[in-house]
Amino acid sequence: MNQNFKDWCQQVKDAACRDWPGILQALAGLDDQQTDTRTKRRGAPCPACGGTDRYSFKDPDTGGWACRHCGGGDGWEMLKRVNGWDFTQAVREVADYLRIDPFDGQQPDPKQREAARQLAKKRQQSNKIRLEHEQRQQAAIHDQQAGYALKEWNNATPAKDDHPYLISHKLPPFNLREMQHPHYGRCLLVPLMNEAGGLRNLERINPEGLKRPIKGAQKQGLYYQFGLDSWTVFVCEGWATGAAIHISLPYMPVVMCAMSAGNLENVTNVARRKYPENNILLAADHDPAGIQKAVNISAKYDLKVVLPDHPGDDFCDMHVRECSA
């Protein structure tokens, strides 16, 4: 009985499972950074389009990757883009790298199939152990930096309403604190909390509006919240945007600030868990990127998106304009 090409391709795919970092380094010239899942947090040069910091490696099981400029795909797509191969050539090259016999029309015997399955299983287990180790290391770093954030917060003083950032945005200091940072100057400190109410990071805002969280600290899933309870709950990006929404509406609603577009969906999830019966609105910035992000999340969670009146504005710009009228 002859082996068909589809069966042979599946054999190669099974063998490639969980070994994509090695395959992409050997056949597409990627380096350790470009095959490390931690690039999801910091960005790396894109092997496909050459961008300097918009690429991330997603999944060693499939070779999954993404780039904010050229899209993304799996390991097969990366091999095709970098080398100009079609799928047939890509699968033959991977087979050669994995020392799988070339397609010759013959059905592989049971021993060969079992060997391929065992090799894939071994690679999968090895990578699982590696990922768990990396996750433990990252959690330890997050805990360490959360301790640093708490210490910095406790040593700071209540923010004063004469801070230049607050004056320019026509906002009160709420419960923020401030400190004199050796590099950034007089900084407001925005406490970023997790769902359990623990302080895990700080966003420092200097007089010019430069925003810097604590390096190495947790970012995903953290937020700053205005208000304690309201029927309508807003989820937005920045602290100033959230402050403007909170004080501009007479009922001073709950506003949860994700602090970045990349964290918006995480905080939307938290909002849904904390306020399962409430009306949750996504307050987007009125620009293409902000609208697209909010629309994608709203479609997934069946939520409404609200926008400032003028293109290019966020809700804080709208607040400043109204206060200046």
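Let me begin with a residue pair: Val233 stands opposite Val254 in strand 11. Helices (H or I, at least four residues) and strands (E, at least two) are DSSP runs, numbered from the N terminus. The structure is a predicted model, in which local features need pLDDT of at least 70 and side-chain atom pairs count only at pLDDT 80 or more, while totals for chains, interfaces and linings use all residues. Residues are numbered from 1 along each chain as its sequence is written, and side-chain values use heavy atoms, with hydrogens and water left out.

I turn to the strand pairing. Strand 10 (residues 232–236) runs parallel to strand 11 (residues 254–257), and four bridges join the two; strands pair if DSSP finds at least two bridges between them. From strand 10 the chain passes through helix 8 (residues 239–248) to strand 11, and this β-α-β crossover is right-handed, that is, clockwise from the first strand over the helix to the second with the strands pointing away from the viewer. Strand 10 is also joined by four bridges to strand 12 (residues 279–283), again in parallel. There, Asn279 is the bridge partner of Thr232.

How covered is strand 10? Five of its five residues are buried, meaning under 20% relative accessible area, where exposed is over 50% and partly exposed lies in between (1.4 Å probe, protein chains only). In a regular strand, side chains alternate between the two faces of the sheet. Here Thr232, Phe234 and Cys236 lie on one side and Val233 and Val235 on the other, and all are buried.

Next, a helix pair. Helix 2 (residues 20–28) and helix 4 (residues 75–83) pack at an angle of about 10 degrees, their axes 10 Å apart. Axes are lines fitted to C-alpha atoms, for helices over the stretch in contact, and angles run from 0 to 180 degrees between N-to-C directions. Helix 2 is therefore roughly parallel to helix 4, the term for angles under 35 degrees. Trp20, Ile23, Leu24, Leu27 and Ala28 of helix 2 meet residues of helix 4 including Trp76, Met78 and Leu79, with contact meaning heavy atoms within 4.5 Å.

Finally, backbone angles. Most residues other than glycine have a negative phi. Which value does phi of Arg99 take? Phi of Arg99 is positive, near 60 degrees. Arg99 sits in the loop between helix 5 (87–97) and helix 6 (110–155), and Arg99 is exposed, at 78% relative accessible area. Phe174 likewise has a positive phi, of about 50 degrees. Phe174 is partly exposed, at 31%.

Key. Parallel < 35°, antiparallel > 145°, perpendicular 65-115°, else oblique.
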